[in-house]
Amino acid sequence: LEAEHRRVVELIKPGEVLCDAMAGVGPFAVPAARAGVRVYANDLNPQCAHYLRVNAHGSKAKHMVKCYNLDARAFIRSLLRPKVEPGA
């Protein structure tokens, strides 16, 4: 499984965006962030979401990973929802 994770991460180019709706503790998200990919990672399980944050911070990829603890549908909707500027 580790080789498959590495193979998938190598397909993503620096500067691209990865949205991982069921990220677990970050086996795709954290290596992708370390490789220069902007990552939006989510897991419904609060413990997984916590350790996803821990792993991102520990790998010095924290600035590239935005972590969520939502249902996958709510996560995707939150990413696609238009942002409303104050006063607009």
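**Cysteines and the parallel sheet**

The sulfur of cysteine 19 lies 13 Å from the closest cysteine sulfur, in cysteine 67, which is too far for a bond; a disulfide is a pair of cysteine sulfur atoms within 2.5 Å. By this rule the count is zero disulfides. Cysteine 48 is likewise in no disulfide, the nearest cysteine sulfur, that of cysteine 67, being 12 Å away.

The model before you is predicted: local features need pLDDT of at least 70, side-chain atom pairs count only at pLDDT 80 or more, and totals for chains, interfaces and linings use all residues. Residues are numbered from 1 along each chain as its sequence is written, and side-chain values use heavy atoms, with hydrogens and water left out.

Three strands form an open sheet in the order S1-S2-S3, with parallel pairing. Strands are DSSP E runs of at least two residues and helices are H or I runs of at least four, numbered from the N terminus; two strands pair if DSSP finds at least two bridges between them. The edge strands, S1 (17-20) and S3 (65-68), each pair on one side only. Four bridges join S1 to strand S2, residues 38-42, and valine 17 stands opposite arginine 38 in S2.

Helix H4, residues 72-80, packs on the sheet and touches S1, S2 and S3, contact meaning heavy atoms within 4.5 Å.

Notes
Axes are lines fitted to C-alpha atoms, for helices over the stretch in contact, and angles run from 0 to 180 degrees between N-to-C directions.
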